[in-house]
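I opened the notebook to record what I looked up in this structure. The entries follow in the order in which I made them.

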Amino acid sequence: MAHILIIDDSALILQMVEMVVTGAGHTATTAETWTDAEAAYPAADLVVTDLNLPDQPDPLARLHALGTTPVIILSGRPQAELDQLAATHHARAVSKDAGFPGIAAALPDVIAELTAD
Amino acid sequence: MTTQNLRLEHLSARYRSLSAESDAVAQLAVGVNALLDELRAAPQSLAAHRQAAVADALSALLDALAAEPPALTVPQQFVEAFRAEARKRLAGLSLSLTGAFSSEPDSLEQSIQHLHAIRGGAAMLQLLQIADLAGVMEDVVLAGRRGALVWPVRPMLRGFAMLQAAIDDPESDDNALLRDVTDELHGHLAALTQPDFDDTPITNINLEPLQQRILVVDDVETIAHSVGLILSELDIPIDVAHDGAEALDLLRAQPYSLVLSDVAMPHLDGLDLTRAIRADDALSDLPVILLTALNRADERAAGLQAGANDYIVKGSIGGGELLSRVHELLKTAPVVPSTPDTRRFRRILVVEDIETIAASIAFVLSDGPYEIQLAHDGADALDTLRTTLFDLVITDLDMPNMNGIDLTAAIRANDALCDIPVVMLTARNTDEHRKRALDAGVSKFLVKGEVASGKLLDEVRNLLHSQD
């Protein structure tokens, strides 16, 4: 079981992703702003983050500066585009284009892979 | 073999088939089969009624282990939450988009945020048309931020209108007009990849100003609005009727140059409206274009037989086709005589100290027949009101020099101005501010961010109508 930090400026997305994460047996903290995310970062085993935050134009760079906690990008861009971006930031990516059922199927597996001992 | 033994044999075979599921299930299957073997070999070891109960329990456990997990569907609560969140985003977008077209940095960032959020939420809920439209609008703003294109303002405004309509009914997933504007915006982006990109507007019709007037007839307001937006390129007055009966009343009350009508409408459909126009000596020469969602040869034939000049499928009105066909018909259409009472626009004073917000409000109001003037604070507004006649004032609350409440009180205290309706449009959302404003004489108190552009226009229209 891992503790997941979920960062998105949409309360709806946070609710949905938290449901997926806790349904997979993990605990979660949600953050709608970068300020809240930074405060919650130390306790997280993994971060799931959107790319567009009103108070942080480059969350991937900031997360990299904060530490080495694994990162999954969850954004509304095509998967291929996100995979390229993820590769340059040593992260993984899941596209919101997969829809809630697709994300519910894919995200737990990626989390499990990144948090395996 | 007894019935009970047959049942136990069958259970045993099913448990053996589950052994491959996982180690734990395999161990369970070994244990259960050992129990079943005992029961079959020594039925007297367990009373008969208990054997049946054990078999029932093992059968229920087997069903639970073998069941497929239910398909994960999106709970309806999330769709409702998306609609609520998207409406707030659209309210913000209605204010930021105007500033974005002027390439103001804050407005660009806010527009990107709003569209990205709508796109993401729609994608999660598999509302693919909404996601696609929000996504391409976001891409256009991103390209605009890079200075890579001439802003396709009207398609973006149509996109905004289509997003509003689709979010109000998100599970209606086949929307020809929405697909049309999405394709048009994709076309603008695709043009950016061409090395010889020409940044002249896509509609290259030579649009001379015409002294004419168009009537758009559609029972769906967002469609009428969208058609009106397309035709606003012609820079001539456009009126809207919501059914054929209302259209006929308008046509008999004042002159028009052309009618664009939906076909399927209540009270009087497009075909009967066309026939009524042709049967009336005063209207018989009026050009009529029928717009419909259906692309069927028999419908087209019926429309032309009723007397329509042209018949266009709604899915094909983007990209300049509707505009070019209307412009062609208007060349030989009746000219509307200009009379002061039909041409006078209502004059509205918008009082707002933040320029981008003032511009956004003016942009929203430009959809109506209004002349808009801006004042940057209460004192400036009062000076303007003393020299120029206005039909309505829209004012912010917090402003330097004179706030909106003091301005309202000054208007009410002036005999020449006291009857002008005053709308307060403010970010302050407390009962105390509302009471102070209403006590000062404000006619309507609206909160920014909670008022979508359509509602503001409705409030303005209703207040002006009550003054007639």
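**Entry 1: an arginine in chain B**

I looked up B:Arg213 and found that it counts as buried, because its relative accessibility is 9% and the cut-off for buried is under 20%. The model is predicted, so I treat each value here as computed from a prediction. B:Arg213 sits in a loop of chain B, between α8 (176–191) and β1 (214–217). Which side chain does B:Arg213 join in a polar contact? I noted B:Asp239, with 3.0 Å between the two side chains.

**Entry 2: the strand that holds the partner**

I followed B:Asp239 to strand β2 of chain B, residues 238–241. The side chains alternate along this strand. B:Asp239 and B:Ala241 point to one face and are buried. I then checked the pairing: β1(B) and β2(B) run parallel and are joined by four bridges. For B:Val216, I found the bridge partner in β2(B) to be B:Val240.

**Entry 3: chain B as a whole**

I wrote down 19 helices and ten strands for chain B. The chain has 468 residues, and 49% of them are buried. I also looked at contacts between residues at least 6 apart in sequence: in chain B, 66% of these join residues at least 24 apart. The accessible surface of chain B is about 22300 Å², and carbon and sulfur atoms hold 52% of that area.

**Entry 4: chain A as a whole**

I turned to chain A and listed five helices and five strands. In what pattern do they follow along the sequence? I read β-α-β-α-β-α-β-α-β-α. Of the 117 residues in chain A, 50% are buried. Among contacts in chain A with a separation of 6 or more, 53% are between residues 24 or more positions apart. Chain A exposes about 5000 Å², with 54% supplied by carbon and sulfur atoms.

**Entry 5: an aspartate in chain A**

I looked up A:Asp8 in the loop between β1 (3–7) and α1 (11–23) of chain A. Is A:Asp8 buried or exposed? I put it down as buried, because its relative accessibility is 2%. The side chain of A:Asp8 reaches the backbone nitrogen of A:Ser10 at 2.9 Å. Leaving out residues up to four places away in sequence, I noted what A:Asp8 touches, including A:Ala31, A:Asp50 and A:Lys96. A:Ile13, A:Leu14, A:Glu32 and A:Leu53 are also among the residues that A:Asp8 touches.

**Entry 6: a histidine in chain A**

I found A:His89 in the loop between α4 and β5 (92–95) of chain A. I recorded A:His89 as partly exposed, because its relative accessibility is 30%, and that class lies between the 20% and 50% cut-offs. The side chain of A:His89 makes a polar contact of 3.1 Å with the side chain of A:Thr88. A:His89 and A:Leu60 are 29 residues apart in sequence, yet their C-alpha atoms are 7.1 Å apart in space.

**Entry 7: the second largest pocket**

I ended with the second largest pocket, which holds about 610 Å³ of space. How many residues line the second largest pocket? I noted 28, and those nearest its centre are A:Leu51, A:Asn52, B:Ile112, B:Leu142 and B:Arg145. I also checked which helices supply at least two lining residues each: they include α3 (59–66) and α4 (79–88) of chain A.

How values were computed
Residues numbered from 1 in each chain as written. Chains lettered and ligands numbered in written order. Predicted model: local features only at pLDDT ≥ 70, side-chain atom pairs only at ≥ 80, totals over all residues. Heavy atoms only, no water. Buried < 20%, exposed > 50% of the residue type's maximum accessible area, 1.4 Å probe, protein only. Polar contact = N/O pair within 3.5 Å; in protein donor to acceptor, adjacent residues only side chain to side chain. Contact = heavy atoms within 4.5 Å. Areas by Shrake-Rupley, 256 points an atom, 1.4 Å probe, with all protein chains shown as cover. Pairing = 2+ DSSP bridges. 1 Å grid on protein atoms, 1.4 Å probe; cavity = no way out; pocket = protein on both sides within 12 Å on 5 of 7 lines; lining within 4 Å. Points joined across faces, edges and corners; volume = space filled by probe spheres on them.
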